[in-house]
Amino acid sequence: LKSHDCHVLMQQLLPVAVRGILPEKLRVVITRLCFFFNAICSKVIDSEQLDDLENRAAIILCELEMYFPPSFFDIMIHLIVHLVREIRCVGPCFYVECILLNVI
């Protein structure tokens with residue numbers, strides 16, 4: 001897949017695909033993760049929302065820890081916590097979830 005394909009899959013199609021397959025709590029967590037990536041990969045990011053996005057990332061990872069085994073979590077999953085801080089330093093990022101999607 002090319003980077004745009006990963007972008008569309010992660011942010012648009014994955015929430016729809018898991019809608020009828022997974023249990024509700026797991027589906028909600030995965031959908032929140034997709035919405036988080038959608039928010040940080042937008043072309044314009046409101047600087048006032050960054051604190052909320054950072055808190056949301058930590059909550060999403062904590063919820064993922066309730067449903068996935070410890071072997072699922074490696075350094076790439078942990079880096080999600082640092083994405084918002086990097087956005088503060090260098091500005092909006094585009095298609096960063098493609099890198100994570102290829103690793104996950």
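The legends below describe close-up views of aromatic pairs and of a nonpolar core in a predicted model.

**View 1. The stacked pair of Phe68 and Phe72.** A search of the whole structure finds 3 aromatic pairs, and one of them joins Phe68 to Phe72, with the ring centres 4.6 Å apart and an angle of 20° between the planes. This pair counts as stacked, because stacking is assigned to planes under 30 degrees apart. Phe68 is partly exposed, at a relative accessibility of 25%.

**View 2. The edge-to-face pair of Phe72 and Phe73.** Phe72 also pairs with Phe73, here at 5.1 Å centre to centre and with 90° between the planes, in an edge-to-face arrangement. Phe72 has a relative accessible area of 27% and is partly exposed, and Phe73, at 23% relative accessibility, likewise counts as partly exposed.

**View 3. The aromatic cluster of Phe68, Phe72 and Phe73.** These three residues, Phe68, Phe72 and Phe73, belong to one aromatic cluster.

**View 4. The largest nonpolar core.** This core holds 23 residues, and those with the most contacts inside it are Leu33, Phe36, Phe37, Ile40 and Ile80. At least two residues of the core are supplied by each of the helices α2 (24-40), α3 (50-67) and α5 (80-90), and α2 gives the largest share, with 8 residues. In soluble globular proteins, nonpolar side chains tend to be buried together.

Definitions and conventions. Residues numbered from 1 in each chain as written. Predicted model: local features only at pLDDT ≥ 70, side-chain atom pairs only at ≥ 80, totals over all residues. Heavy atoms only, no water. Phe/Tyr/Trp six-rings, centres within 6.5 Å; stacked < 30°, edge-to-face > 60°. Buried < 20%, exposed > 50% of the residue type's maximum accessible area, 1.4 Å probe, protein only. Core = buried A, V, L, I, M, F, W, Y, C linked by side-chain atoms within 4.5 Å. Helix = DSSP H or I, 4+ residues; strand = E, 2+ residues; numbered from the N terminus.
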